[in-house]
Number of protein chains: 2
Amino acid sequence: MRMSQLVGRRIKEDPKDAKTVSHKFLIRGGYVRPVSAGIYSLLPVGKRIVAKIEKIIREEMNRVDGQEVLMPVVLPAELWQESGRYESVGSELLRFKDRNDKPMLLAMTHEEGITHLVRTEINSYKQLPVMLYQIQTKYRDEARPRAGLIRVREFTMKDAYSFHTDQADLEKYYVRCHEAYVRIFRRLGMKNVLSIEANSGMMGGKVSHEFMAICDCGEDTVITNSDHSYRANREIAVAAWKFDKGEPLPLEKVHTPGAKTIEEVADFLGVKAENTGKAVFYQDARTGELVFVLIRGDFEVNETKLGNAVRIPELKFADDAAILAAGAVPGFASPVGIDGKKVRIVIDRSAAESGNLVVGANETGYHYKNFNFDRDMAGAECLVADIATVREGDPCPLTGEPLVFSRGIEVGNIFQLGTKYTESMHCEYLDRDGKARPMVMGCYGIGVGRAMAAVIEQSSDEYGPIWPLSIAPYQVQICAVNPGKDNVGEVCEKLYADLQAAGIEVLYDDRGEKAGSMFSDADLLGIPFRLVVSPKTLADGQAEFKLRGSRDAERIAVEEAIPLLKRKIEAENAKYL
Amino acid sequence: MRMSQLVGRRIKEDPKDAKTVSHKFLIRGGYVRPVSAGIYSLLPVGKRIVAKIEKIIREEMNRVDGQEVLMPVVLPAELWQESGRYESVGSELLRFKDRNDKPMLLAMTHEEGITHLVRTEINSYKQLPVMLYQIQTKYRDEARPRAGLIRVREFTMKDAYSFHTDQADLEKYYVRCHEAYVRIFRRLGMKNVLSIEANSGMMGGKVSHEFMAICDCGEDTVITNSDHSYRANREIAVAAWKFDKGEPLPLEKVHTPGAKTIEEVADFLGVKAENTGKAVFYQDARTGELVFVLIRGDFEVNETKLGNAVRIPELKFADDAAILAAGAVPGFASPVGIDGKKVRIVIDRSAAESGNLVVGANETGYHYKNFNFDRDMAGAECLVADIATVREGDPCPLTGEPLVFSRGIEVGNIFQLGTKYTESMHCEYLDRDGKARPMVMGCYGIGVGRAMAAVIEQSSDEYGPIWPLSIAPYQVQICAVNPGKDNVGEVCEKLYADLQAAGIEVLYDDRGEKAGSMFSDADLLGIPFRLVVSPKTLADGQAEFKLRGSRDAERIAVEEAIPLLKRKIEAENAKYL
């Protein structure tokens, strides 16, 4: 491709709204253009990168026996009504009516679509397992799209779904798919992608992993130990906390006028936050059922862990009316005497295993000192569980060393969905005995555009992206300095033709721009190998050869360029396999 | 791929709602599945065909200097408001509001999207011409989707747009693109695709061509002469009509009680329809302006030709009130005495060049005999034009021989749009003198799924599709008859592995189904080459080799299979180049 014809301006200034490196360079390099909030067009160089990413994903999906399909963007609402998600998913699901007033939606994921497809195509255990995937447009009506391609409304996603006779077969396949994901991100040239255990949230099911590209701008927290043998996100991370009960002292009611928060109470009584117990009330967002939580004052409740413990998909903070109705005094609620028949009681391990805590006395202006769970809640109907949010530096559950927090972008995820969709949508197979059973399902996603952005977040310098060869828009860029002089243009034209004939993807800057401006453009395009031909180099029959990431250039004979590039490309490609 | 794992049932019975061959076989062969009216999923074999079609299209688009981009499915309404189409396009344009109440739409075509993109990227004549294309999902909220993939709501389309400094450059490129289209349809293995001149309708602009796949179920009429040197659709077809004025007789008012229609009047007066003139009133659908048309009684008005002649984009039949207001009597309106200042008058050549016609007398129950345009409308302000619909058998304008009507499916179209979008959307470039001028635009579409369906319409037998090798889901199918017996399974497994190793795409029917059922399935999958291995053939160390389209099978030595297939594939591929 000739730069003089390539569509997509390079821009000198950072766009005003761009806060992340990838957002800046995707715009500045002419890879993408916004059309509306969170809706982008891919320009030719962006589209080339995406096509290469898709090819790698496709190859790896085929390698784990995936069969490619294509489901529609527009789905009838009835499919999502069957699964229950038409009601349960919020306004990020774009619902509309067609001209015949039939409710439709823009699919943001395709569990329902694929389950509907599989239930009509497969009916016997002999046909299982299968994995179907697609690379397709999704729409999610995000309230606040941001960070360029990191959080958008319309996006291209590879979504894959596997169907199995039983959980054991799913688990076996899940491991293969995990390996495929590791290969994909390696082949995309990503330097630091961690798969972490995750809570599957809205998707249902149990085991799931998120693939996190570690980088400063990531909006997710990744919690690891030093050798990454422990990896988790905030929602499910645990720590090897050790608590001390000490010798139980007698329970004592004390007047604590005006002290309501943990800080105020601890200050007033001259104790540390870790010597207090914090009461928090939640409600089931759907049924209104009340949940009373006691956690040590220096910890925070992790709502995901709490939700999992009490099996409530969506929790909210309780309102005062509900707290009062349960006989508790807001701000001074106490674990002592609370009725487990009226309220579900959950005691975090931190509170159950620490002794002599200050807790509310269920009376305005009063607290108890020396609360000891074993003694003071003996016989109470309650659940003791780990529902605390892990803090940076807490001890690793595997090694005991301090946990480290990093930022990550979720570039992929895999879920063991189980029978969540196959039961509600009656996607069944006949087993060997002719008995109908729900299929067991897994799903596997990768955001294609987000992966492109994440590569930049991990691989750039102050001048632009540094594309891994495997997904670079072109492999080589020729820069002709002063093409009208001393045969430079002719030599470059010949190089351009010869490189193409050698099967090397080449971008030729034939515009005759000034060297500085030409090199800035080349940096923004981030092509791995660069050949600069100028009157000066040509005087010795040479060109300058440079790697995008490096400051050093090397002089080579012009006729050496193609053999050298072939060797470099081969060596580089070998790294990704 | 093993048939035992391939997702997509073959179905014995024709689906009830399927009236066309392609609709039937696409469902029965497990290529596609309906999800909602006019919305389909592609199953693995369908997706493979579509991927091959897309690859061919991409190669040919790149060959005419196309640069691939990807624009969004969801567009902000403001872009279409700029061009005026947000208002002018009917309810097939799906409009909706996002969660922030911003009006959006599902793009059914991307003239606005690309014009917006190009006006932000290109500003100099030096950067022109360019062609940008995408292969992307479109949505058109059809009132009555039908015929499987022929008329759908959601579809994949290749749409391309070129931008030029002037009309001459567009016309030069348009010819190259026309050639690319001819190559594409040939490479897709389509047998009979005609490019016909067409009216560009909603798209605006002037010159355009439709590529019509000729087949019985086509919903468009294609009008040709015997050697196809003349090709047109109904909207713009012309004929070399010859009319006869004869000797003008005196104008005479006659009483024609109860006779209103052409048939009734002709019967009553004992003349033929061709001796009458038919008056028809239209109105500009937007302004209400009245148009009076006179055409010979044996012809029909062609609204497209009429609209072009009077430069009114949308016409409707006039209501009686408007006709009366213009001083005309509905049912008996007359060209004699009508006021060209109040009404636009258009006389079709058939009426202007025929003599002694019976026409209305503008008085209930009365007609004139012997109307002669030259005499009886002398001095009237009127337009004489060809606005008649061509009839089968009318004389070809090039050769005079009778025109032939065929049915066709529009699989592609190309348009010279001119400055319709670039003017309204201010997509300008600076010319050599630094003067801003609107770019001149062309656009070029191909419906990918529709092309797949059209191939079936042109290439099938009673048992299923007969895929051209270039887009067949697999190149070879192995059928193992009785795989458990006499080594059949082992021989087939080896063939399967060897074919794959030889780079041949192979589908292996390993299910051990009965021969009849296996062959029906193979016919529905339409794979060009078939190898049948059975205990009987193996007794002689042989397999049966068969072409999908042919009844005859040939016995070949098993070890001859791969060299033979390689030769056949090479020979077949050469046909498409």
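Trainee: Is Tyr282(B) buried or exposed, and at what relative accessible area?
Mentor: First, the ground rules: the model is predicted, local features need pLDDT of at least 70, side-chain atom pairs count only at pLDDT 80 or more, and totals for chains, interfaces and linings use all residues. Residues are numbered from 1 along each chain as its sequence is written, chains are lettered from A and ligands numbered from 1 in the order in which they are written, and side-chain values use heavy atoms, without hydrogens and water. Buried means under 20% relative accessible area, exposed over 50%, partly exposed in between, with a 1.4 Å probe and protein chains only. Tyr282(B) is therefore buried, at 2%.

Trainee: And Phe317(B), buried or exposed?
Mentor: Its relative accessibility is 55%. Phe317(B) therefore counts as exposed.

Trainee: What kind of aromatic pair do Tyr282(B) and Phe317(B) form?
Mentor: Rings of Phe, Tyr and Trp (its six-membered ring) pair if their centres lie within 6.5 Å; planes under 30 degrees apart count as stacked, over 60 as edge-to-face and the rest as tilted. Here the centres are 5.1 Å apart and the planes at 20°. The pair is stacked.

Trainee: Why is the pair of Phe185(B) and Phe211(B) classed as it is?
Mentor: Their ring centres are 5.6 Å apart. The planes meet at 35°, so the pair is tilted.

Trainee: How many residues apart are Phe185(B) and Phe211(B)?
Mentor: Helices (H or I, at least four residues) and strands (E, at least two) are DSSP runs, numbered from the N terminus. Phe185(B) lies in helix α6 (residues 167-187) of chain B, and Phe211(B) in strand β10 (residues 208-214) of chain B. The pair links distant parts of the chain, 26 residues apart.

Trainee: Over which ring does the charged end of Lys420(A) sit?
Mentor: A charge sits over a ring if NZ of Lys or CZ of Arg is within 6 Å of the ring centre and within 35 degrees of the ring normal. For Lys420(A), the distance to the centre is 5.4 Å. The ring belongs to Tyr421(A).

Trainee: Which residues form the uncovered face of strand β5 (residues 94-97) of chain A?
Mentor: In a regular strand the side chains alternate between the two faces of the sheet. Leu94(A) and Phe96(A) make the covered face. The uncovered one holds Arg95(A) and Lys97(A).

Trainee: Which residue stands opposite Arg95(A) in β6(A)?
Mentor: Two strands pair if DSSP finds at least two bridges between them. β5(A) and β6(A) run antiparallel, joined by 4 bridges. Opposite Arg95(A) stands Leu105(A).
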